[in-house]
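Subject: Handover of a structure

Hello,

Here is the structure I said I would pass on. Please look through it before reading the notes below.

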Amino acid sequence: KAAPRMTREKAEQLLKEDVKEAENAINSSVKVNISQDQFDALVSLTFNIGSGSLQRSTLRQKINYESGVSEIKQEFMKWIYSGGKVLSGLVRRRMAEAELYC
C-alpha cells in the first residue's frame, strides 16, 4: 500500500516549523551580535545538524567567545560526516555556510 501523499501546503508548513526551530536555537544560544549572513549560515547548519547539536557544539562556543574567523570556519568543517564517512555534498554545504558566515 502506497504511503499517503503530502500536500505542498503541508510540506511548506513543516519546513517553516523546522526553520523556526533552528532560528529559535540560534537566538537562544548565540549570545553575541551576528550579522544577517552569519545568522543565515547558522540556520542552514542548524537545520541540518539539529538544535541540540548546535547548542553542544564547539562552534557555538567559539562564536560566543568571538574567536577568529579561521577558527570558526574550521568548526563548520567538522560537520561533514554521515555514518562515519565524509560526504562530498556535506563538504560543499559546510564550505558554503562557512563562507557565508565569514
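This is a predicted model: local features need pLDDT of at least 70, side-chain atom pairs count only at pLDDT 80 or more; totals for chains, interfaces and linings use all residues.

Residues are numbered from 1 along each chain as its sequence is written, and side-chain values use heavy atoms, with hydrogens and water left out.

Overall

The protein chain has six helices and two strands. Both kinds of element are DSSP runs numbered from the N terminus: helices are H or I with at least four residues, strands are E with at least two. Their order along the sequence is α-α-α-α-α-β-β-α. The C-alpha trace spans about 55 × 30 × 20 Å along its principal axes. Of the 102 residues, 31% count as buried. Buried means under 20% relative accessible area, exposed means over 50%, and partly exposed is in between, with a 1.4 Å probe and protein chains only. For contacts (heavy atoms within 4.5 Å) between residues at least 6 apart in sequence, 56% join residues at least 24 apart.

Helix packing

Two packed helices are described by the angle between their axes and the distance between the axes. Here the axes are lines fitted to C-alpha atoms, for helices over the stretch in contact, and angles run from 0 to 180 degrees between N-to-C directions.

The axes of H1 (residues 8-29) and H2 come within 9 Å and cross at roughly 120°. The crossing of H1 and H2 is right-handed. Left-handed means that the near helix is turned anticlockwise from the far one by less than a right angle, and right-handed that it is turned clockwise. On the H1 side the contact is made by Leu15, Asp18, Val19, Ala22, Glu23, Ala25, Ile26 and Asn27, and on the H2 side by Phe39, Leu42, Val43, Thr46 and Phe47. These residues divide into nine nonpolar, two polar and two charged. Nonpolar covers Ala, Val, Leu, Ile, Met, Phe, Trp, Tyr, Cys and Pro; charged covers Asp, Glu, Lys and Arg; the others, Gly among them, are polar.

H2 also packs against H6, at an angle of about 155° and with the axes 7 Å apart. That angle makes H2 roughly antiparallel to H6 (under 35 degrees is roughly parallel, over 145 roughly antiparallel, 65 to 115 roughly perpendicular and the rest oblique). The crossing of H2 and H6 is left-handed. H2 contributes Asp37, Gln38, Asp40, Ala41, Leu42, Ser44, Leu45, Asn48 and Ile49, and H6 contributes Leu90, Arg93, Arg94, Glu97, Leu100 and Tyr101. The contact of H2 with H6 has seven nonpolar, three polar and five charged residues.

Gln38 lies in H2 (residues 36-49) and is buried, with a relative accessible area of 17%. Apart from neighbours within four places in sequence, Gln38 is in contact with Leu100 and Tyr101.

How many aromatic pairs does the rule count? The count comes to one. Rings of Phe, Tyr and Trp (its six-membered ring) pair if their centres lie within 6.5 Å; planes under 30 degrees apart are stacked, over 60 edge-to-face and the rest tilted. The rings of Phe76 and Tyr101 have centres 5.8 Å apart and planes at 50°, so the pair is tilted. Phe76 is in H5 (residues 69-76) and Tyr101 in H6 (residues 88-101), so the pair ties together parts 25 residues apart in sequence. Phe76 is buried at 0% relative accessibility, and Tyr101 is buried at 7%.

Other residues

Ser29 is in H1 and is buried at 7% relative accessibility. Not counting residues up to four places away in sequence, Ser29 touches Leu54, Gln55, Arg60 and Asn64.

Ser51 is in H3 (residues 51-56) and, at 18% relative accessibility, counts as buried. With residues up to four places away left out, Ser51 touches Glu21, Ala25 and Thr46.

Is Glu66 buried or exposed? At 62% relative accessibility, Glu66 counts as exposed. Glu66 lies in the loop between H4 (58-64) and H5, and has a positive phi of about 55° although it is not a glycine.

Regards
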